[in-house]
2 protein chains.
Amino acid sequence: MARMAESGTTPRERYRNQVRAEAKQLAWEQIAADGASALSLNAVAKRMGMSGPALYRYFTGRDELITELIRDAYRSLADTFRDAAAAGADLPDLARALRRWALADPQRYFLIYGTPVPGYHAPADTTTISSEIMATLLGVCGATDSPAPFATALAFWTRLHGVLSLELAGQFAGMDLDPEALFEAEIATLR
Amino acid sequence: MARMAESGTTPRERYRNQVRAEAKQLAWEQIAADGASALSLNAVAKRMGMSGPALYRYFTGRDELITELIRDAYRSLADTFRDAAAAGADLPDLARALRRWALADPQRYFLIYGTPVPGYHAPADTTTISSEIMATLLGVCGATDSPAPFATALAFWTRLHGVLSLELAGQFAGMDLDPEALFEAEIATLR
DNA sequence: TCTCCATGGTGATAGCTTGTAACGAACGAT
DNA sequence: ATCGTTCGTTACAAGCTATCACCATGGAGA
């Protein structure tokens, strides 16, 4: 075993990472189609051309795969926020970036902010990324010299999650509403 | 077959309703403990002392049981709102009644306003009850002579759902926050 | 180059789930 | 008392998670 520069550049590890990545990709598709509760390791494995238990060489079980997806979702949102902030976004810009990110894959949003599973406890590093997200948000609130940055950040979080999650859940369906206008209206309340 | 006054007062129907009610009760307990996705017809049946497939005489399948629970949840919330409104509640009172109702059984709240299952389509009568809930809310908004009742009702819905769902999901866990104070602060924004 | 072992893939198996089918018992209406 | 609907049972198919034993392969070192 050559230990090899510690970054996974061993041919074996490269292949391993490739398989894991492909599995996660298919898992995302399955989740987008039928929701997280319908995610099946077996189905993913078969779609990859290998038989059931093979995937257990790559993930200890269904839980680890889902946890990995949750981690990726957090990471993706954190990156989106970081990029927006780095580009000099103000609060409305950040809000719209959030909505775009959520609309791109609603189930990904719900994986983070949706109905919690009573038994599940998020691993430490996801809560770390969560803090990173809040920190970025707080930074933008501070840069916009709002009177109370922390209160503004909280309002950003709770109010935008309110409209956004209801929109994504399709709760505005029947009633004749424009979700985007509603979202913009909530943005306008943030100071 | 005696057709009997059309209300289920036939001994057979009484028993049937009883079994259905007990099954739903156990289902609620199971959902409160492990979430809706972990609801198992089999487990409910066994807990009732009867063997697996017996429950299929009472529910066409898992979906019908869950749909029934969703219906009951809507009904319960509609009643809570109706009672509050009848007791002359103003907007803050109604908001606090909502929070109490949600905290009493978070999974019941999420059954209505939580992560949607991509395939599932709610039956017509639940959307009817949903409208009833919105109507009650709109009525209270009108009675409090707010400038724009509909806009106020919408803000009530989206903002309170925002804080409440994050609280119920445990998203405020790590950070040193008082959910009730946060909820009250959002109430104060409703005019 | 050859050996050898960790790695990866397979089928078999246990135990759970949803649901259907076939059979027998019980209950109630006539 | 009879007779048919309803109810509960066991048996079964198909799917899932997850573990196991076994076999092939590929890369690291001699």
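# Close-up views of a predicted protein–DNA model

View 1. Arg71(A) counts as partly exposed because 16 C-beta neighbours lie inside 10 Å. The classes run as follows: a residue is buried if 20 or more other C-beta atoms lie within 10 Å of its own, exposed if 12 or fewer, and partly exposed in between, with C-beta atoms placed from the backbone. The model is predicted: local features need pLDDT of at least 70, side-chain atom pairs count only at pLDDT 80 or more, and totals for chains, interfaces and linings use all residues. Residues are numbered from 1 along each chain as its sequence is written, while chains are lettered from A and ligands numbered from 1 in the order in which they are written. Arg71(A) sits in helix H3 of chain A. Helices (H or I, at least four residues) and strands (E, at least two) are DSSP runs, numbered from the N terminus. Apart from neighbours within four places in sequence, Arg71(A) is in contact with Asp125(A) and Thr126(A). Contact means that the C-beta atoms of two residues, placed from the backbone, lie within 7 Å. Ser130(A) is 59 residues from Arg71(A) along the chain, and their C-alpha atoms are separated by 9.8 Å.

**View 2. The two-fold relation of chains A and B.** Chain A superposes on chain B by a rotation of 180 degrees, with 0.0 Å of shift along the axis and an RMSD of 0.1 Å. The two copies are therefore related as by a two-fold rotation axis. In chain A, Gly162(A) has the C-alpha nearest the axis, 1.8 Å from it.

**View 3. The contact between chains A and B.** Here 25 residues of chain A are in contact with 25 residues of chain B. On the chain A side, helix H1 (11-34), helix H7 (149-168) and helix H8 (179-188) give two or more residues each. H7(A) supplies the largest share, 8 residues. By class, this side of chain A divides into 10 nonpolar, 12 polar and 3 charged residues. Ala, Val, Leu, Ile, Met, Phe, Trp, Tyr, Cys and Pro count as nonpolar, Asp, Glu, Lys and Arg as charged, and the others, Gly among them, as polar. The copies meet through the same surface, because 100% of the interface residues of chain A are also interface residues in chain B.

**View 4. The surface near DNA strand D.** Elements that give two or more residues are H1, helix H2 (41-47) and helix H3 (62-86) of chain A, together with helix H1 (11-34) of chain B. H2(A) gives the most, with 3 residues. The classes are 10 nonpolar, 7 polar and 6 charged residues.

**View 5. The surface near DNA strand C.** H1 of chain A and H1, helix H2 (41-47) and helix H3 (62-86) of chain B each supply at least two residues. H2(B) gives the most, with 3 residues. The surface divides into 10 nonpolar, 6 polar and 6 charged residues.

**View 6. The annotated segment of chain A.** An unreviewed UniProt entry lists residues 40-59 of chain A as "DNA-binding region". UniProt positions follow the numbering used here, feature names are shortened, and annotations may be inferred rather than shown by experiment. Over residues 40-59 the chain is 35% helix and 0% strand, with the end C-alpha atoms 12 Å apart.

**View 7. Two domains of chain A.** The assignment gives domain 1 (1-59) and domain 2 (63-191), with bounds from an automatic or database domain assignment. Their C-alpha centres lie 28 Å apart. The contact takes 10 residues from domain 1 and 9 residues from domain 2 of chain A. On the domain 1 side, H1(A) gives the most, with 5 residues. That side has 8 nonpolar, 1 polar and 1 charged residues.

**View 8. Asp145 in both chains.** Asp145(A) is found in the loop between helix H6 (124-143) and H7 of chain A. Its phi is near 25 degrees, a positive value in a residue other than glycine. Most residues other than glycine have a negative phi. Asp145(A) is exposed, with 7 other C-beta atoms within 10 Å. Asp145(B) lies in the loop between helix H6 (124-143) and helix H7 (149-168) of chain B. Asp145(B) has a positive phi of about 25 degrees and counts as exposed, with 7 C-beta neighbours inside 10 Å.

Notes
Least-squares fit on C-alpha atoms with pLDDT ≥ 70 in both.
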